[in-house]
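Here are a few notes to go with the structure, for someone opening it for the first time. Have it on screen while you read.

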Amino acid sequence: MGRAVTVATCALNQWALDFEGNLARIVRSIDIAKSRGARYRLGPELEICGYGCSDHYYESDTLLHSFQVLAKLLESPATQDIICDVGMPVLHRNVRYNCRVIFLNKKILLIRPKISLANAGNYRELRWFTPWSKARHVEEYFLPRIIQEVTGQETVPFGDAVLATKDTCLGAEICEELWAPNSPHIEMGLDGVEIFTNSSGSHHVLRKAHTRVDLVNSATAKNGGIYILANQKGCDGDRLYYDGCAMISMNGETVAQGSQFSLDDVEVLVATLDLEDVRSYRAEISSRNLAASKVNPYPRVKVNFALSCSDDVAVPTCMPVQWRHHSPEEEISLGPACWLWDYLRRSKQAGFLLPLSGGIDSSATACIVYSMCHQVCLAVKNGNADVLADVRKIVNDETYVPEDPREFCKRVFTTCYMASENSSQDTCNRAKLLAEQIGSYHINLNIDAAVKAIVGIFSMVTGRTPCFSVYGGSSRENLALQNVQARIRMVLAYLFAQLTLWARGMPGGLLVLGSANVDESLRGYLTKYDCSSADINPIGGISKTDLKNFIQYCIENFQLTALRSIMSAPPTAELEPLVDGHVAQTDEADMGMTYAELSIYGKLRKIAKAGPYSMFCKLINMWKEICTPREVASKVKHFFRMYSVNRHKMTTLTPSYHAENYSPDDNRFDLRPFLYNTSWSWQFRCIDKEVSAL
């Protein structure tokens, strides 16, 4: 009867400008889809070149190589007898578009340009692409000769159209269009499109996955239909981790769910669905049918091909499934771990080095590396040949098989406790015990000789010797002496990262990991060019509150009992002298605010778009039970003074895993000046006026 259609979507770990690898992963996904009976295959956004090409999109090479890959796909036996929907940039009449290229049996059916471009937060698509603004309009696209030679076509349709097969009608959306208030699937559904597709380049943010799932399910709940979503996965060259979650939905319910975090480079979902279920669902929605009778029709590209078989009465169809969401603690354990693995294998380094202080932040970073080792061992156990091959390259052993996460951790992870005369025995013991429990190669060293040498040079030149404030020194001296210790640790971290394996008779070098959290970066509570300066930072987009919860998760799930004492200890930089052998300095006292307050300030500043005055107005209501208006004003002023004084530090912030929407990352996400008038005189005067009135 031609009712049951079999369709496939996928999540691919594509890498910007890795045309060879991207092609191989696309072909593998098509092979898998065909082997499972699919007649249509959808891939992620811009999968041919990789989503994160950034200004490389300006280069003609990127367009050329994308068409070369497309030619290979058109010629491949794998792409025969299946509709293939791939993503790449296309130049049409000297305008660059983000496009889907849909083809079947060496013939391009349609090139569909993106209509709504993502241009907020981490996205800058309007910098490189132009949105297609001609609704329901199709033009002729003149194919380059390299494609003409394969397809025998001179021109193909280019624009806002849908595909009409023998048995159904398909319409494409591209990523952001699902999030737009006037999503194309609304009008397409009213015009009889039964299968909607969405190729995405959507990155991970803590607690975001349910939003995407809800949008997909709601798209078909109101209008009926089948919705297929593909997404990129992994680190494709920058701070973002694309988190898969490929899915297929029908009539408001999920019928196939892909993984959010995985070390599989290629993941394919296939579902068989009954078109009559869509038609009967729509039949009883009278409001939809009234609107459909008035809709402007889309241009239809006729395709002499069916997604179903004529004899399909006995073909089993997929039933709804319950979507399983990860907790935030699981997301922290899995997302940054997968990001670190991609970075490690693609940078061709031999492992990581982490300055391990015995505090929450560096311990959380160590736990993420340990989680990565768990994921690697699990993937190898489950037969992932790609992961095993990467492991063997990293450890330089063609026969090695990782089975125990602790043993693998010993090979790829070096931790280093850098003591000074201001360090306590407690933090030294905590760092050592955690290193033992996760299995890292651990180094203990003392930096006092280097600190004295640096300060000695200053004293020899100036004739003055700075002192800590507890010994009568000024605040300037006190801060300078703390910063010297912090910066020496950064220098030593890079020295040991480069030469530790050499000293152990092993090849390769190590990537240095940073461990400053998002709240400290926002407040600027770090030394510029200290241990926060590293190659990458897996926790730089995560709040202190979430990291504490993650530590508790690791205690329970990894049985890392050493974390209990780390959890109970007050956070401290340990840069000022001890008092009776104990730490007197604490982070929150130094900052003049709590980490909980910092999270609130961060969310109001970035997510709620609040300046000093608006933040004050919001907080006098939020904190009315615990603070007077004058106290709120004092807190807000202190935050904005410290934020603006230290904003320059964000220009050198270590590339960090993006996980939080109030990240102060200066590279792309949070674009602000770094030289402020830190008195905020006009803004603070407005606050003072309100305080007086209240």
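The points below look at one strand with its neighbours, then at one pair of helices.

1. One thing to keep in mind from the start: this is a predicted model.

2. Let's begin with strand 10, residues 195-200. Six of its six residues are buried, so this strand is largely enclosed by the rest of the structure.

3. Which residues cover the two faces of strand 10? On one side sit Ile195, Thr197 and Ser199, on the other Phe196, Asn198 and Ser200, and all of these are buried. As background, side chains in a regular strand alternate between the two faces of the sheet.

4. Strand 9 (residues 169-174) runs parallel to strand 10 and is joined to it by five bridges; alanine 172, for one, has threonine 197 of strand 10 as its bridge partner.

5. Strand 11 (residues 226-234) also pairs with strand 10 in the parallel sense, here over six bridges. Look for phenylalanine 196, whose bridge partner in strand 11 is tyrosine 227. To get from strand 10 to strand 11, the chain passes through helix 7 (residues 209-223), making a right-handed β-α-β crossover.

6. Now jump to helix 22 (residues 612-622) and helix 24 (residues 681-693). They pack with axes 8 Å apart, at an angle of about 30 degrees. Angles under 35 degrees count as roughly parallel, and these two helices are therefore described that way.

7. What makes that contact? Helix 22 brings Pro612, Tyr613 and Phe616, while helix 24 brings Gln683, Phe684, Cys686, Ile687, Glu690 and Val691. By type, the contact residues are seven nonpolar, one polar and one charged.

Conventions: Residues numbered from 1 in each chain as written. Predicted model: local features only at pLDDT ≥ 70, side-chain atom pairs only at ≥ 80, totals over all residues. Heavy atoms only, no water. Buried < 20%, exposed > 50% of the residue type's maximum accessible area, 1.4 Å probe, protein only. Helix = DSSP H or I, 4+ residues; strand = E, 2+ residues; numbered from the N terminus. Pairing = 2+ DSSP bridges. Right-handed = clockwise from strand over helix to strand, strands pointing away. Axes fitted to C-alpha atoms, helices over the stretch in contact; angles between N-to-C directions. Parallel < 35°, antiparallel > 145°, perpendicular 65-115°, else oblique. Contact = heavy atoms within 4.5 Å. Nonpolar A, V, L, I, M, F, W, Y, C, P; charged D, E, K, R; others polar.
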